[in-house]
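Hello,

Here is the structure we talked about. Please open it alongside this note; my findings follow below.

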Amino acid sequence: MTQETVTRASRTRQVMRFYALVDAGDAPAMAALFAPDAVYRRPGYGPRIGPEGLLHFYTRERTIREGGHVIERVVENGDDVAVFGAFHGVLHDGNPVDLEFADYFGFRHDGLFARRDTYFFAPLA
């Protein structure tokens with residue numbers, strides 16, 4: 001196994017760990033995966049910066065109460081990882097939520113996330 005293969009495998013593990021922690025409701029452990037200056041962008045919200053910004057979003061702003069991600073495809077290129085999948089869960093108001101999404105993750109050299117951008121497949125017009 002080459003060094004590049006090991007690096008790619010560790011990036012995929014880090015991304016899958018992220019989703020497992022979100023689905024388990026472990027916001028502090030999830031936020032610790034992000035660099036202090038990491039940026040998280042999500043439709044409908046301003047950028048969230050660093051672990052504190054992500055922790056605030058996941059504990060105070062996120063409209064989803066619980067649910068799970070189903071990862072359908074992971075695409076890697078250098079320090080970039082794209083994820084395609086679906087999410088099934090329940091909103092805080094009790095309504096179900098089922099949607100398709102794509103996420104982009106940018107990595108730092110130390111393995112922490114430097115950036116995450118989320119995109120939803122939903123009609124806007």
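**Strand pairing**

Glutamate 100 sits opposite phenylalanine 121 of strand 6. Keep in mind that this is a predicted model. Strand 5 and strand 6 run antiparallel and are joined by eight bridges. They form a hairpin with five residues between the strands. Glycine 111 in that hairpin takes a positive phi near 95°.

Strand 5 also pairs with strand 4. These two are antiparallel as well, with eleven bridges between them.

**Salt bridges**

Next, the charged pairs. Side chains of opposite charge can pair when their charged atoms come close. How many salt bridges does a search of the whole structure find? The search finds seven.

Start with arginine 11 and aspartate 79. Their side chains meet in a salt bridge at 3.1 Å, N to O. Arginine 11 belongs to helix 1 (residues 3–24), while aspartate 79 is in the loop between strand 3 (64–77) and strand 4 (80–91), so the bridge ties together parts 68 residues apart in sequence. Are the two partners buried or exposed? Arginine 11 counts as buried, because its relative accessibility is 9% and the cut-off for buried is under 20%. Aspartate 79 has 41% and counts as partly exposed.

Then there is glutamate 61 with arginine 48. The closest N and O atoms of this salt bridge are 2.7 Å apart. The pair links distant parts of the chain, with glutamate 61 in helix 3 (residues 50–61) and arginine 48 in strand 2 (residues 48–49), 13 residues apart. Glutamate 61 is partly exposed at 22% relative accessibility. Arginine 48 counts as buried at 18%.

Arginine 116 and aspartate 103 bring us back to the strands. They form a salt bridge, with the closest N and O atoms 3.0 Å apart. Arginine 116 is in strand 6 (residues 113–121) and aspartate 103 in strand 5 (residues 96–107), so this bridge links parts of the chain that are 13 residues apart. Arginine 116 is buried, with a relative accessible area of 2%. Aspartate 103 counts as buried at 2% relative accessibility.

One group goes beyond a single pair. Asp37, Arg108 and Asp110 are linked in a network of salt bridges.

**The largest pocket**

What is the volume of the largest pocket? The value is about 230 Å³. The pocket is lined by 19 residues, and those closest to its centre are Gly25, Tyr58, Arg62, Ile64 and Arg65. Helix 1, helix 2 (27–31), helix 3 and strand 3 each give two or more residues to the lining. Which element gives the most? Helix 3 does, with five residues. By type, the lining divides into eight nonpolar, four polar and seven charged residues.

**Where to look**

Take the salt bridge of arginine 11 and aspartate 79. Then turn to the pairing of strand 5 with strand 6. Finish at the largest pocket, where helix 3 gives the most to the lining.

Best wishes

Methods: Residues are numbered from 1 along each chain as its sequence is written. This is a predicted model: local features need pLDDT of at least 70, side-chain atom pairs count only at pLDDT 80 or more; totals for chains, interfaces and linings use all residues. Side-chain values use heavy atoms; hydrogens and water are left out. A salt bridge is a side-chain nitrogen of Lys or Arg within 4 Å of a carboxyl oxygen of Asp or Glu. Helices (H or I, at least four residues) and strands (E, at least two) are DSSP runs, numbered from the N terminus. Buried means under 20% relative accessible area, exposed over 50%, partly exposed in between (1.4 Å probe, protein chains only). Two strands pair if DSSP finds at least two bridges between them. On a 1 Å grid over the protein atoms alone, a cavity is a set of points where a 1.4 Å probe fits but cannot get out, and a pocket is an open set with protein on both sides within 12 Å along at least five of seven lines; lining residues have an atom within 4 Å of a point. Grid points are joined across faces, edges and corners, and a volume is the space filled by probe spheres set on the points. Ala, Val, Leu, Ile, Met, Phe, Trp, Tyr, Cys and Pro count as nonpolar, Asp, Glu, Lys and Arg as charged, and the others, Gly among them, as polar.
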